[in-house]
Amino acid sequence: MAVRIEEAPPAQAAPVTGSGWAAVMPPVFVVLWSSAFIAGAIGVDAAPPLLLTFARFALAGVLLAGLAVVLRAPWPRGRRLGHIAVTGLLIQAVQFGALYSAMGLGLPAGVVALVQGLNPVVIALLAASALGERVTARQWAGFGLGAAGVVLAVADRVAFSALGVVLCVAGLLGLSVGTLYQKRFVADMNVFSGTAVQFLVAAPVIGVSSLLVETPRVTDWPAFGGALAWIVLVNSVGVFLLLNTMLRRSSASRVSTLFFLIPSVTALLAWVTIGESLALPTVAGLVLGGAGVLLANRG
């Protein structure tokens, strides 16, 4: 039986593409999330992937906890704390531990972004039964366009590693299931204290994993420090504050459609920042992905 959640008041349920700051959040989110693949690729060349992930979570968690204290944000307790801890393990530890490990095995950032770009399809398949969200025919058409855009975006860049692909799928499932779990149980969590808890719960799990399966050693401190600074300040603090804010304002399936744009925008950023070639399929993927997002958000 589908679990149906009571609709939030109109002021809480504004679409992601609303006016003012709400209209700016989606494109900012897409660009900043995409930049994580560039920084991650640089970081895993300088240090083992789980060590990079642990440093990211620990620093971001402490920083956000400090902000939460300064802003006097309410801290979760009891069952709510447990639910937020679960989302931290899924969205943070499983997703990024797996994705960074895939890049550490040599899987190109574009391919990792490709797999993660299928997140909206997974969300749509699960959201109806988990959240009672209704997915319209127009939204399904948007999902189809978006998925086609994702494939086109990196069609000329695909390189396969069996374990890397398995890790990418694990990371995708961590993100998708974690997003639905958060929307179901703690959609109204405070974005500062709640996100801090997510990072601080994920950090020791990844830290122990690094000690068990890696040799924690940094081979290029300038590259590691630069990548880590960007990942912590921009991709951890900024991006997850945006994501958690958008999940409070709209449905999980609508928010997830933004991930259709990630592979194409990642390829664009790689072209601008590190000189990777920009092929016609990438441009076509960006157009199709954008059309899919617009169509799904009008569903």
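**Contacts, packing and burial**

Modeller: Let's start at T87. Leaving out residues up to four places away in sequence, T87 touches Q92, G178, Y181, Q182, V186 and Q198. Bear in mind that this is a predicted model.

Colleague: Which helix is T87 found in?

Modeller: T87 sits in helix α3.

Colleague: Is T87 buried or exposed?

Modeller: Buried. Its relative accessibility is 0%, and the cut-off for buried is under 20%.

Colleague: What does the side chain of T87 reach?

Modeller: The backbone oxygen of I84, at 2.6 Å.

Colleague: Stay with α3. How do the axes of α3 and α7 cross?

Modeller: At roughly 160°, and the axes come within 7 Å. Here α3 spans residues 78–104 and α7 spans residues 162–185. Angles over 145 degrees count as roughly antiparallel. So α3 and α7 are roughly antiparallel to each other. Their crossing is left-handed. The residues of that contact divide into 14 nonpolar, ten polar and one charged.

Colleague: Let me back up. How many helices and strands does the protein have?

Modeller: Twelve helices and zero strands. From the N terminus on, the elements run α-α-α-α-α-α-α-α-α-α-α-α.

Colleague: What share of the residues is buried?

Modeller: Of the 299 residues in the protein, 52% are buried.

Colleague: And what share of contacts joins residues at least 24 apart?

Modeller: That's 90%, among contacts between residues at least 6 apart in sequence.

Colleague: Next, α2 and α9. At what angle do they pack?

Modeller: About 50°, with their axes 9 Å apart. Helix α2 covers residues 49–70. That angle makes α2 oblique to α9. The crossing is right-handed.

Colleague: Which residues in α2 meet which in α9?

Modeller: On the α2 side, L52, A55, R56, L59, A60, L63 and L64. On the α9 side, F224, L228, I231, V232, L233, N235, S236, V237, F240 and L241. By class, the contact has 14 nonpolar, two polar and one charged residues.

Colleague: How about α8 with α9, at what angle do the axes cross?

Modeller: Roughly 120°, and the axes come within 10 Å. Helix α8 is residues 191–213, and α9 is residues 221–249.

Colleague: Why is α8 called oblique to α9?

Modeller: Because the crossing is at roughly 120°, and the roughly perpendicular class runs from 65 to 115 while roughly antiparallel starts over 145. That makes α8 oblique to α9. The crossing is right-handed.

Colleague: Which residues meet there?

Modeller: V191, F192, T195, Q198 and F199 in α8 meet S236, F240, L241, N244, T245 and R248 in α9.

Colleague: Now α4. Why is it described as largely enclosed?

Modeller: Because eight of the eight residues of α4, residues 109–116, are buried. By name, the buried ones are A109, G110, V111, V112, A113, L114, V115 and Q116.

Colleague: What touches A113 from elsewhere?

Modeller: T266 is one. T266 touches S34, F37, I38 and A113, not counting residues up to four places away in sequence.

Colleague: Where is T266?

Modeller: In helix α11, residues 262–274. At 3% relative accessibility, T266 counts as buried. The side chain of T266 reaches the backbone oxygen of I262 at 2.7 Å.

Colleague: Last one, L280. Is it buried or exposed?

Modeller: Exposed, because its relative accessibility is 69% and the cut-off is over 50%. L280 is found in helix α12, residues 280–296.

Colleague: How far is the C-alpha atom of L280 from that of L152?

Modeller: 9.0 Å, for two residues 128 apart along the chain.

Notes
Residues are numbered from 1 along each chain as its sequence is written. This is a predicted model: local features need pLDDT of at least 70, side-chain atom pairs count only at pLDDT 80 or more; totals for chains, interfaces and linings use all residues. Side-chain values use heavy atoms; hydrogens and water are left out. Helices (H or I, at least four residues) and strands (E, at least two) are DSSP runs, numbered from the N terminus. Buried means under 20% relative accessible area, exposed over 50%, partly exposed in between (1.4 Å probe, protein chains only). A polar contact is a pair of N or O atoms within 3.5 Å; within protein, one must be able to donate a hydrogen and the other to accept it, and residues adjacent in sequence count only if both atoms are side-chain atoms. Contact means heavy atoms within 4.5 Å. Axes are lines fitted to C-alpha atoms, for helices over the stretch in contact, and angles run from 0 to 180 degrees between N-to-C directions. Angles under 35 degrees count as roughly parallel, over 145 as roughly antiparallel, 65 to 115 as roughly perpendicular and the rest as oblique. A crossing is left-handed if the near helix is turned anticlockwise from the far one by less than a right angle, and right-handed if clockwise. Ala, Val, Leu, Ile, Met, Phe, Trp, Tyr, Cys and Pro count as nonpolar, Asp, Glu, Lys and Arg as charged, and the others, Gly among them, as polar.
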